Amino acid sequence: MTEETRPRAPITEAAVLAWLETTAAAVEAGEVSAQELIDLLGELRRASAACADASDWLLLAAREGGASLRQIAPVFGKGYVRAPAARLEKLHRQAQTSSQWLAILRHKQTA
């Protein structure tokens with residue numbers, strides 16, 4: 001896969017920080033109401049949950065693709081394999097494969 005066709009995360013840390021800076025300036029200027037902030041909070045919490053679901057799918061897919069827990073562990077911010085192993089254990093109670101997890105996510109969205 002080339003650099004141009006490689007899948008990218010739909011959102012980046014830099015994009016979130018830039019949005020936060022812009023939004024904070026609008027709030028400080030009195031341009032955003034309390035209700036708008038509450039609405040944004042709800043949107044972000046739903047987006048956060050969606051990112052966590054996507055992260056879980058990627059974890060399953062990486063393992064299916066042959067990645068070891070030692071390879072995955074640094075992404076979890078740990079130098080050991082307990083964090084991804086524990087997450088996989090929890091995921092495996094619901095789905096054994098990334099395709100099963102995606103089916104669960106599709107069902108959640110339509111429910």
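**Surface patch, pocket and overall fold of the predicted model**

Helix 1 (residues 13-28) contributes three residues to the nonpolar patch, the most of any element; helices (H or I, at least four residues) and strands (E, at least two) are DSSP runs, numbered from the N terminus. The model is predicted, with local features requiring pLDDT of at least 70 and side-chain atom pairs pLDDT 80 or more, whereas totals for chains, interfaces and linings use all residues. Residues are numbered from 1 along each chain, and side-chain values use heavy atoms, without hydrogens and water.

The patch covers about 380 Å² and is made by L17, W19, L20 and L44. L17 lies in helix 1. Patch residues have over 30% relative accessible area and no salt bridge, and nonpolar side chains are joined within 5 Å; areas follow the Shrake-Rupley method with a 1.4 Å probe.

The largest pocket has a volume of about 580 Å³. Among its 17 lining residues, C51, A54, S55, L58 and V75 are the closest to the centre. A pocket is an open set of points on a 1 Å grid where a 1.4 Å probe fits, with protein on both sides within 12 Å along at least five of seven lines; lining residues have an atom within 4 Å of a point. Helix 2 supplies the largest share of this lining, six residues, and the lining divides into 13 nonpolar, two polar and two charged residues.

The chain contains five helices and zero strands. Its radius of gyration, taken over C-alpha atoms, is 18 Å, well over the 13 Å that the globule rule (2.2 Å times the number of residues to the power 0.38) gives for 111 residues, so the chain is more spread out than a compact globule.

Note on methods. Patches are made of residues with over 30% relative accessible area and no salt bridge: like charges are joined within 9 Å, nonpolar side chains (Val, Leu, Ile, Met, Phe, Trp, Tyr) within 5 Å. A salt bridge is a side-chain nitrogen of Lys or Arg within 4 Å of a carboxyl oxygen of Asp or Glu. Grid points are joined across faces, edges and corners, and a volume is the space filled by probe spheres set on the points. Ala, Val, Leu, Ile, Met, Phe, Trp, Tyr, Cys and Pro count as nonpolar, Asp, Glu, Lys and Arg as charged, and the others, Gly among them, as polar.
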